[in-house]
Amino acid sequence: MDRNQVHRQVALMRQSFFDQGFLDEQFIQLEELQDEANPNFVEEVVTLYYRDSTRLILNIEQALEKSPLDFNKLDCHMHQFKGSSSSIGAKKVKSECTQFREYCKAGNGEGCMRTFQQLKKEYAILKKKLETYFQMARQAGPKEIACRPKPKLDICPDLEKNYVGWIPSRFRYTFSF
Amino acid sequence: MGMATEAQFHVLAVDDSLIDRKLIEKLLKTSSYQVTAVDSVSKALEFLGLLGAEQKDPNPPFVSQNRNQEIEVNMIITDYCMPGLTGYDLLRKIKESTYLKDIPVVIMSSENVPSRINRCLEEGAEEFFLKPVQLSDVNKLRPHLMKGKAKEDEPNNNNKRKGMEECLSPDRTRTRYSDMEVI
């Protein structure tokens with residue numbers, strides 16, 4: 001496989017993460033922060049996330065073994081975990097976190113446990129996918145994927161640049177209160 | 001735009017999350033700010049010299065860490081929810097301090113709670129960012145820092161746009177906009 005093909009594969013893999021809902025826009029934010037000073041920034045953050053969240057997952061697991069369940073504590077742990085997951089753009093994981101917190105508020109222990117199992121699955125799936133992705137990206141060698149230039153209003157990205165379906169970061173969702 | 005001095009602004013970032021600290025540090029460095037990141041309010045207060053003896057330094061926002069060092073902090077950006085003292089507690093302590101009250105404080109939170117946001121703004125926070133914080137949020141910091149610098153250079157400058165004016169202004173959304181701003 002020539003280099004262009006590898007790049008294309010990496011780009012397609014990356015796009016699939018967004019299409020399939022594994023990652024959200026926050027991941028693109030991380031990519032935008034990657035530069036010559038920190039050419040592996042995204043991988044570093046993701047690695048840090050998986051390392052750091054092991055502790056959080058353990059805390060939740062231990063808390064789920066207590067009887068009766070301390071929903072406040074569970075919610076607090078999950079709040080932290082959700083925050084980290086959100087910061088790397090882990091969309092499905094974050095969604096499970098939200099669900100878990102709903103069950104905490106409702107005092108539903110079974111719901112918590114069920115959701116937590118699902119959460120761990122999503123967490124592991126994403127980890128595997130990202131590991132493969134970073135490995136492939138490294139094999140492909142430095143190009144746009146690793147070091148993204150400053151984003152322009154590029155709605156129709158040029159496939160040659162391997163920006164397959166790149167979502168411009170400035171298209172934000174509405175916020176109001 | 002009068003960027004007369006190429007002075008590097010120093011931002012103190014406070015967040016108990018390792019990931020978020022790494023993120024905010026990168027965001028700020030990318031925007032050419034000098035960053036010190038700490039993981040708790042008590043460490044932030046220590047850094048700012050608020051713990052222990054009263055600071056007699058007459059030149060805010062310069063704070064003496066010790067006799068040999070003078071540390072300038074041009075802005076504080078802090079997470080709201082932290083174990084122990086919260087970001088709100090830090091905000092209050094800063095605003096209550098004669099020497100530090102003019103340092104702009106920005107609050108970050110992963111939770112969108114309007115009453116919380118208003119409380120922070122009323123207490124004197126310059127901005128309230130919803131997490132995850134993005135580059136477009138950090139871009140909003142520069143005016144606050146430039147103003148702080150201007151105030152420093154002209155001590156009699158009556159540019160106090162604080163408190164009430166802030167929270168009553170309906171235009172100031174403290175979080176990310178939805179409009180397609182060209183950055």
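Which residue does UniProt list for "modified residue: Phosphohistidine"? The record, an unreviewed entry, lists A:His79. UniProt positions follow the numbering used here, feature names are shortened, and annotations may be inferred rather than shown by experiment.

This is a predicted model: local features need pLDDT of at least 70, side-chain atom pairs count only at pLDDT 80 or more, and totals for chains, interfaces and linings use all residues. Residues are numbered from 1 along each chain as its sequence is written, chains are lettered from A and ligands numbered from 1 in the order in which they are written, and side-chain values use heavy atoms, with hydrogens and water left out.

Start in chain A. A:His79 sits in helix H4. Helices (H or I, at least four residues) and strands (E, at least two) are DSSP runs, numbered from the N terminus. A:His79 counts as buried, at 15% relative accessibility. Buried means under 20% relative accessible area, exposed over 50%, and partly exposed in between (1.4 Å probe, protein chains only). UniProt, again in an unreviewed entry, places "domain: HPt" at residues 38-133 of chain A. That span is 86% helix and 0% strand, and its end C-alpha atoms lie 18 Å apart. The loop between helix H3 (41-65) and H4 of chain A holds A:Pro68. The peptide bond from A:Ser67 to A:Pro68 is cis, with omega near 5°.

Now chain B. UniProt's unreviewed entry puts "modified residue: 4-aspartylphosphate" on B:Asp79. B:Asp79 belongs to strand E5 (residues 75-79) of chain B. Is B:Asp79 buried or exposed? B:Asp79 is buried, with a relative accessible area of 5%.

Further along, strand E6 (residues 105-109) of chain B pairs with E7(B) in the parallel sense, over four bridges. Two strands pair if DSSP finds at least two bridges between them. B:Val106 has B:Glu127 as its bridge partner in E7(B). E6(B), helix H4 (residues 114-122) of chain B and E7(B) form a right-handed β-α-β unit. Right-handed means that, with the strands pointing away from the viewer, the path from the first strand over the helix to the second runs clockwise. In strand E7 (residues 127-130), B:Glu127 and B:Phe129 point one way, B:Phe128 and B:Leu130 the other way, and all are buried.

Next, the backbone exceptions. Most residues other than glycine have a negative phi, and most peptide bonds are trans. B:Ser32 is not a glycine, yet has a positive phi of about 65°. B:Ser32 lies in the loop between helix H1 (18-30) and strand E2 (34-38) of chain B, and is partly exposed at 44% relative accessible area. A cis peptide bond, with omega about 0°, joins B:Lys131 and B:Pro132. B:Pro132 is in the loop between E7 and helix H5 (135-138) of chain B.

B:Lys131 and B:Pro132 return at the largest pocket. They are among the residues nearest its centre, along with A:Ser86, A:Lys94 and B:Ser110, in a lining of 20 residues. Helices H2 (25-33), H4 (71-88) and H5 (91-105) of chain A are the elements that give two or more residues to this lining. H4(A) gives the most, with five. The lining divides into three nonpolar, eight polar and nine charged residues. The pocket holds about 490 Å³ of space.

Notes. On a 1 Å grid over the protein atoms alone, a cavity is a set of points where a 1.4 Å probe fits but cannot get out, and a pocket is an open set with protein on both sides within 12 Å along at least five of seven lines; lining residues have an atom within 4 Å of a point. Grid points are joined across faces, edges and corners, and a volume is the space filled by probe spheres set on the points. Ala, Val, Leu, Ile, Met, Phe, Trp, Tyr, Cys and Pro count as nonpolar, Asp, Glu, Lys and Arg as charged, and the others, Gly among them, as polar.
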